[in-house]
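Please look over the sequence and the fold together.

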Amino acid sequence: MDGTGVPEAAPPPAPPPGRPAGSAPALLRRARWCVAVVFLVHGSVTGSFATRVPWIQDHAQIGAGQLGLALAFPAIGASLSMPLAGRISHRLGARAALRLLLALWTLSLALPALSPNLYGLCGALLVYGATAGMADVAMNALGVETEDRLGRPIMSGLHGMWSVGALLGSAAGTAAAHAATDARLHLAVAAVVSTVLGTVACQGVLDLRSAPDAHPPPRFALPPKSALVIGAVGFCAVFAEGASLDWSAVYLRDVLGTDAGLAAASTTAFSCTMAAARLAGDRVVARFGPVRTVRAGGVLATAGGVLIVLARHPAMALAGFALIGLGIAVVVPLAFAAAGRSGPAPSQAIAGVATITYTSGLIAPSAIGSIAQATSLTGSFVLVTVLACGLFAGAGVLRVKGRDTAGRDAVPTGGLERS
């Protein structure tokens, strides 16, 4: 939702008393593009890591089941650390907190490739997941606050930039894998470049500060019931995303016998269609509505899953991963929009949906590995296909009424001042 349908001439709302001078239009525009670069950097780290999972698996000398176990550790790390993001922002301010957390996340990219065995990989991925979760919370909070002050929607565009970053990272990883570059060198260089770019971008984001008498954010809050059914739809989409990002390259290599370069290209195909659909998604939703858009996406994602399961040639699997990316791209932004209109506590509902969908993405890679160990990797993607069908069946819960996007309550900023 990159401002589609909103007149460019419309001035942003005046900042309430107590807001920083950075709410001036020029600085807000700068803040918007800087936070977009932050999303791009975050996505590039994910894309870079995903393309080198086969190399990391071989280097650590582990099987599919052990890889699945190791890929559970990012979920554990994120679950333990995510509540800390709001408290760090409360203490340091949003800009300094984001700069710190994003740098920790980008630097952690180098760790998995240095792991010589399963135990080292689990520890590296625990750190990787912990820093990923905290940076994700901090940048989304700032993105929502920037959207509020601009007075027009930008969050879908920001998530589109994340997908562009994942595409760039996976493209670089594909080239590195094709050239047989040692992943330790590739990921170390990617970590340094991402850290520098992210640190520079953080200088231009909003510098929010907690009110002097504000209490630290709570560690845990139960989502309202209204968020659960909406979150279930988001769960299906993000599970397919996590499975495709982390396992597509392994699938092509192990099931279809492709070389490392072509296997890594599956991640690029998936990320490319995700990015294109997110950047164009606002126009599609404006024309057809969220329910029909998600139902059509469910059909595309299901077709992609069927192609992957039945693939006997790499081209079929590549097309399947591309269709999954296209089908699930706009589901999460629409789930957030529906949650914001689902009951008397929209902010709590959005937070609940975010928790459900984020958890789905974190558990998907390990779940795929566990199923692959018990059955086969093809069997794992049967589950992905079934969940894609759930998008078609559950799309009706995303029907929204009432306020437009610019007027909804935003995701809580974790204790940051919101006068």
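In helix 12, the buried residues are Pro314, Ala317, Gly320, Phe321, Ala322, Ile324, Gly325, Gly327 and Ile328. Buried means under 20% relative accessible area, exposed over 50%, and partly exposed in between, with a 1.4 Å probe and protein chains only. Helices are DSSP runs of H or I with at least four residues, and they are numbered from the N terminus. The model is predicted, so local features need pLDDT of at least 70 and side-chain atom pairs count only at pLDDT 80 or more, while totals for chains, interfaces and linings use all residues. Residues are numbered from 1 along each chain as its sequence is written, and side-chain values use heavy atoms, with hydrogens and water left out.

Helix 12 covers residues 314-328, and its 15 residues reach 22 Å from the first C-alpha to the last, close to the 21 Å expected at 1.5 Å a residue. The expected span is 1.5 Å times one less than the number of residues in the helix.

Helix 11 (residues 290-310) has 21 residues and reaches 30 Å between its first and last C-alpha, close to the 30 Å expected. Its buried residues are Pro290, Val291, Thr293, Val294, Gly297, Gly298, Ala301, Thr302, Gly304, Gly305, Ile308 and Val309. Because they cover an arc of only 170° around the axis, they lie on the same side of helix 11. The arc is that of the directions from the helix axis to the C-beta atoms. Exposed residues Arg292 and Leu310 are carried on the face turned away from the buried side of helix 11.

Valine 294, in helix 11, is buried at a relative accessible area of 1%. Valine 294 and alanine 395 are 101 residues apart in sequence, yet 5.8 Å apart in space, C-alpha to C-alpha.

How many disulfides does the structure hold? It holds zero, where a disulfide is a pair of cysteine sulfur atoms within 2.5 Å. The sulfur of cysteine 34 has its closest cysteine sulfur in cysteine 202, 8.7 Å away, which is too far for a bond. Cysteine 34 is buried, with a relative accessible area of 14%, and cysteine 202 is buried at 0%.

Leucine 126 lies in helix 6, residues 118-150, and is partly exposed at a relative accessible area of 32%.

Definitions and conventions. Helix = DSSP H or I, 4+ residues; strand = E, 2+ residues; numbered from the N terminus.
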